[in-house]
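Here is a short tour of one protein model.

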Amino acid sequence: MSVQFRLLGPVEADVDGRQIELGHPRQRCVLAVLLVEADRVVPVDAMLDRVWADRLPNKARVTLSGYVSRLRHLLAEAGDVSLARQADGYRLAVDPQAVDLHRFRALVTQARAATVRDEAAALFTEALGLWQGPAFATLDTPWADDVRDELAAERLAAELDRNDLALEQGQHTALLTELTTTAAAHPLDERLAAQLMLALYRCGRQAEALHHYERLRSLLVHEFGADPGAALQQLHQRILTADPTLAPAASTTAPCQLPAPPGSFTGRSGELAYLDTLLRAESTTAVIAGTAGVGKTALAVSWAHRAAAAFPDGQLYVNLRGFGPEDAAMSPAEAVRGFLETLGVPPARVPVSPDAQIGLYRSMLAGRRMLIVLDNARDADQVRPLVPGSGGCLVVVTSRDQLTGLVAEHDARLVTLDLFTAAEARTLLVRRLGADRVEAEPDAVDRIVARCTRLPLALSVVAARAAAHPGFPLAALADELVQAANRLDPLANGDRVTDVRTVFTWSYRTLQADSALLFRLLGLHPGPDTGVAAAASLVGLPAGRTRQLLAELTRAHLLTEHTPGRYAVHDLLREYAAELARQVDTEGERRAALHRVLDHYVHTAHACAMLLHPHRDAILLTPPRPEVVLESLDDSAQALSWFTTERLTLLAAANLATTVGLDTHVWQLAWAAWTFLDRRGHRHDLLAIGRTGLAAADRLADPVGQAPIHRLLVNAYLNLKRYDEAHPHLVDALDLYREIGDLAGQAHTHNNFAGFHERQQRHADALDHSLRAVELYRAAGHRRGQAHGLNSIGWYRTLLGDHEQALVDCAQALPTLQELEDRAGEACTWDSLGHAHRQLGHHAQALTCFQRALVLLREIGDRYLEARILDRTGDTLHAAGDHDAAHDSWAQAVTIFDEVDRAESGPIRAKIARTAR
C-alpha cells in the first residue's frame with residue numbers, strides 16, 4: 001500500500017488514495033512534528049515543547065503517548081510506515097518522498113542543480129504545485145507558526161527562482177498576474193520588484209514598470225531611509241532608456257495561464273482518473289458538464305495543474321463567461337485574440353478578419369503540445385473556433401451544457417459531473433471546519449448536507465458561515481437553514497438543484513442591510529469583476545465603508561477577491577443576486593445604481609484619458625451624481641494601469657449603457673477609451689466600442705457626440721487598413737463639425753484626411769488638408785493645433801522633396817510645442833526636422849534631431865515611433881559611413897517592432913542583411 005502525507009496545507013494523509021481521518025488538531029500536530037523530522041528520532045521533551053509550548057497538560061507524557069498510540073493504529077494499514085518509541089523519543093519511519101514537505105525541498109534542490117532550463121522549470125513547477133495553502137493550515141502553536149514562516153520563505157525563494165527561468169524563456173505575459181499579486185504581498189522584496197518591472201516592460205507597459213520602481217523607492221525611503229539596491233537601480237535606468245538587451249531571448253515561450261488550484265479540492269477521484277486516461281487517448285477534447293456550482297472549474301483547474309508536466313509547450317486558459325449576464329459572454333474572436341497575445345503576437349499584428357485570426361491561432365498551435373482550458377462555455381459555437389486544427393494539444397471545456405454537437409463533431413469525451421456523494425460532502429466540511437467539530441454533531445451535518453443538496457458551492461457558502469462563527473453549534477446553523485427555506489416561496493421551486501437558492505438565501509439573510517444591498521447590486525454590474533470605487537458608486541456609499549462590505553461578502557463566500565482589490569461573483573451567485581435585485585429593489589433604485597456606476601466609469605475614464613494625452617481637447621461631461629466615487633489617479637502610469645485592468649469592463653459598460661438607454665454615457669465611454677485602445681493596439685476593441693458609441697450618438701441626434709466618434713472610427717479603420725470604410729466617416733465628421741461651427745474640430749478632421757491620404761502615398765492631397773487645418777486652427781485660436789499643423793505641413797513637404805521649406809515650417813512649430821510642454825508633438829517635429837536634414841545630406845544635424853526625438857519618446861513611452869526613428873537614425877548613420885552604428889540602431893528598431901508590429905521589422909532586417917554583404 002502507498003501512503004502520502006501532506007503538510008503544505010492542512011495536515012492530511014492518504015492510503016492508496018483514500019483519506020485517513022487523523023483526529024483533532026493536537027493529534028495532527030504530533031504527526032506534523034514527526035513528519036517534519038521524518039525517519040529521525042524526536043526527543044520527547046522536544047515534542048512536548050512543539051505541541052504544547054508553555055501550556056503543558058497534566059501528565060503531558062502520558063497524553064503524548066496516547067496520541068502516538070492512536071496515530072500508530074491509524075497508520076497500521078500503511079505497510080511502509082512505522083511509528084515506534086526509540087531511546088527517549090519517537091521515530092516515524094517513512095520515506096521522505098511520501099511527505100510533500102520533503103518532496104518539495106528535494107525537487108527545489110534538483111531544480112537548482114539542473115543544467116537544462118526546461119528541466120529546471122518543470123521541477124520548480126512540480127515543487128510549487130505541491131502547495132495547497134499555508135503550511136500546517138489548521139495548527140496554531142508557536143512551533144507551527146515558526147516553521148510555517150520558514151516554509152513560506154522557502155516557497156517564495158522557489159517562486160523567484162522559477163520566475164527567473166520563466167522570464168528567461170519569454171513567459172512575461174503569462175507570469176504578469178501572479179507577479180503583481182505576489183509583489184503586493186511582499187512590497188519590499190527587491191528581487192520580486194525587479195521581476196515585475198521586467199515583465200511589465202516586456203509587455204509594453206514601460207510607464208507602469210517605472211511607476212512600480214518609484215513606489216518601492218518611496219516606501220524604502222520612508223521606512224528605512226535608504227534607496228533601492230544597485231541592481232534594481234540599474235534595471236530602472238535600463239528600462240528608462242529602453243535598453244534593447246532587456247528584450248526576451250528568442251526562445252519558444254511556454255505560457256502558464258492556469259489559475260491557482262483550489263485550496264481545498266475534495267473528491268472527484270473517479271473523474272480525475274478518467275481525465276488521466278485522456279493523456280494517452282487519441283481524443284483531443286474533453287467536456288466537463290454539470291450544473292452551476294457543482295465544481296466543474298475546480299475539477300478542470302485541479303486536473304490541469306496535475307497534468308501540466310505532460311504539456312511542455314504550456315497551458316492556455318480563458319473564462320468564456322458563457323453563463324454570466326447575456327452581454328458579458330466572451331465572443332470566440334475575443335478569446336482567440338487573447339490567446340494570440342499570450343502566444344506573443346502583438347495586438348497590432350492580429351489579422352483583421354475573425355477567420356484569419358483563427359487561422360493564425362491554429363497555425364501557432366500546430367506541432368505544439370499544449371493544454372487549453374476553456375472554462376464556462378455557453379454552447380458549441382463558442383468553442384469550435386478555439387479547438388486546434390491538428391493533434392498534439394488537449395482541450396478541456398467546462399459548461400452547464402453537454403455540448404453534444406462538439407462531442408459528435410470532434411469525438412470529445414464527456415465527463416458529466418454530478419453532485420457530491422454524502423461522503424465527499426462530509427469531507428469538504430471536515431477540511432473547512434475540522435474533524436472534531438463535524439464528528440461532534442453528525443445529525444446536524446447530515447441536515448446541512450441534505451439542505452445543500454450536496455452541491456459544492458452551497459456547501460462552501462455554509463462552511464464559510466460556520467467557520468466565521470466557531471462558537472455556533474452546527475445544529476443551530478442547520479435549524480436556521482431549514483427555517484429560512486420556509487420563508488422563500490418566491491425563490492423555491494422544488495427542484496433539488498435550483499433550490500440551492502435556499503442555501504444562498506440563508507447566507508444572504510445573515511448579511512447586514514448595506515452588505516445585502518451591495519450583493520444584490522453586484523448582480524447588475526456589467527464587467528467580469530469590480531474594484532472598490534466602482535462598487536462604492538454602485539451602492540452609493542463611501543469607499544471605506546464599501547471596502548468593509550466587500551470583506552464581509554468575501555468572508556461569506558458570496559464574493560471572491562481574485563486579485564488584491566478586485567472582486568468577482570460566481571455566475572450562479574450573480575444570477576441569484578440579480579434576481580434578488582429585481583424582487584427587492586424598485587426599478588428606480590436599480591436604474592439609479594446603474595447610473596452611478598456608469599458615471600464612475602465615464603468620469604474616471606475621461607480623467608485617465610487626459611492623463612495619457614494631456615493636450616487632447618476634453619469633452620464636456622455632466623457632473624457625476626453625488627454618491628459616485630471616482631478613482632484617485634495622479635499620473636499617466638496609473639491611468640494606463642487603470643485602463644488595462646478595466647478594458648473589458650469598459651466595453652461591457654458601453655453595452656449596458658445602451659441597454660438602459662443612457663446613450664450619452666455610451667459615446668463618452670467610447671471617446672474616453674480611444675487613446676488607450678489606440679496606443680495599445682486593441683484595434684478590434686476600438687472598432688467595436690466606436691460602432692456602439694456612434695449608434696448611441698445617432699439615437700441622440702447629437703452632433704457634439706457624433707463628430708468625434710466618426711473620427712474615432714476613422715482611426716480604427718485606418719489602423720486596420722480598411723480605407724474605403726474610413727472615408728465616409730471623414731466626410732460625416734467634417735459635415736458635423738461645420739454644422740455646429742467647431743473650427744478646431746474641422747481642423748482635426750482635416751488632419752485625419754491628411755493621414756488618410758498619406759497612408760495611400762497621396763502626399764500632395766495630404767499637404768492640402770494640412771494647410772487647410774492650419775488656417776482653421778488660426779481662426780479658432782488653437783495654438784497647439786497650429787503648431788502640430790505646421791509640423792504636418794513640413795512633413796508632407798519633405799515627403800514631396802521640398803526639404804528647405806520643410807525645415808522652415810517645422811522650426812516655426814517647435815517654440816510653441818516646447819512652451820506648451822507637448823512632448824509628443826515636439827518629438828514628432830524633431831523627427832520631421834531630422835528627416836529633412838537627412839534628405840539634404842546634413843547628417844550631423846539629422847542625428848541631433850533624431851536623438852532629441854528619441855529622448856522625448858522614451859519619456860512618454862511611444863514605442864512605435866521610437867522604433868521608426870531608430871530606423872531613420874540607422875539610415876542616416878549608414879549614409880554618413882558609420883556602418884557599425886547604423887546596424888546597432890537598426891537592430892534596436894527591429895527589437896521594438898518585433899514587439900509592437902512585426903510586419904514593420906521585415907524591411908529593416910532586409911536592410912541589415914543587404915548592407916552586411
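Packing rests on contact, meaning heavy atoms within 4.5 Å. Helices here are DSSP runs of H or I with at least four residues, strands are runs of E with at least two, and both are numbered from the N terminus.

This is a predicted model: local features need pLDDT of at least 70, side-chain atom pairs count only at pLDDT 80 or more, and totals for chains, interfaces and linings use all residues. Residues are numbered from 1 along each chain as its sequence is written, and side-chain values use heavy atoms, with hydrogens and water left out.

Which residues of α34 are buried? They are H763, A766, L767, H769, S770, A773, V774, L776 and Y777. Buried means under 20% relative accessible area, exposed means over 50%, and partly exposed lies in between (1.4 Å probe, protein chains only). After α34 comes G781, with a positive phi near 70°.

In α3 (60–74), the buried residues are A60, L64, Y67, V68 and L71. They sit on the same side of α3, because they cover an arc of only 100° around the axis. That arc is taken from the directions from the helix axis to the C-beta atoms. An α-helix has 3.6 residues a turn, so residues three or four places apart point the same way. The cover over the buried residues of α3 includes α1 (25–36), α2 (44–52), β5 (82–86) and β6 (89–93). On the face turned away from the buried side, α3 carries the exposed residues V62 and H73.

The table sets out the spans of both helices. An expected span is 1.5 Å times one less than the number of residues.

| Helix | Length | Span, first to last C-alpha | Expected span |
|---|---|---|---|
| α3 | 15 residues | 21 Å | 21 Å |
| α34 | 18 residues | 26 Å | 26 Å |

S302 lies in helix α12, and so does R306, with the helix running over residues 296–307. S302 is buried, at a relative accessible area of 13%. R306 is partly exposed, at 49% relative accessibility.

Leaving out residues up to four places away in sequence, S302 touches P262 and F265. On that basis R306 touches L272, A273 and D276. R306 and P261 are 45 residues apart in sequence, yet 9.4 Å apart in space, C-alpha to C-alpha.

**Cavities**

How many cavities of 30 Å³ or more does the structure hold? There are three. A cavity is a set of points, on a 1 Å grid over the protein atoms alone, where a 1.4 Å probe fits but cannot get out; lining residues have an atom within 4 Å of a point. Its volume is the space filled by probe spheres set on the points, which are joined across faces, edges and corners.

The largest cavity holds about 70 Å³ of space. Its lining has 14 residues, and Y201, A242, P244, R863 and I896 lie nearest the centre. Both α39 (863–879) and α40 (883–900) supply at least two lining residues. The largest share, four residues, comes from α40. By class, the lining has seven nonpolar, two polar and five charged residues. Ala, Val, Leu, Ile, Met, Phe, Trp, Tyr, Cys and Pro count as nonpolar, Asp, Glu, Lys and Arg as charged, and the others, Gly among them, as polar.

The second largest cavity holds about 50 Å³. Among its lining residues are L522, H525, Y567 and R574. That lining divides into five nonpolar, three polar and two charged residues.

Note on methods:
On a 1 Å grid over the protein atoms alone, a cavity is a set of points where a 1.4 Å probe fits but cannot get out, and a pocket is an open set with protein on both sides within 12 Å along at least five of seven lines; lining residues have an atom within 4 Å of a point.
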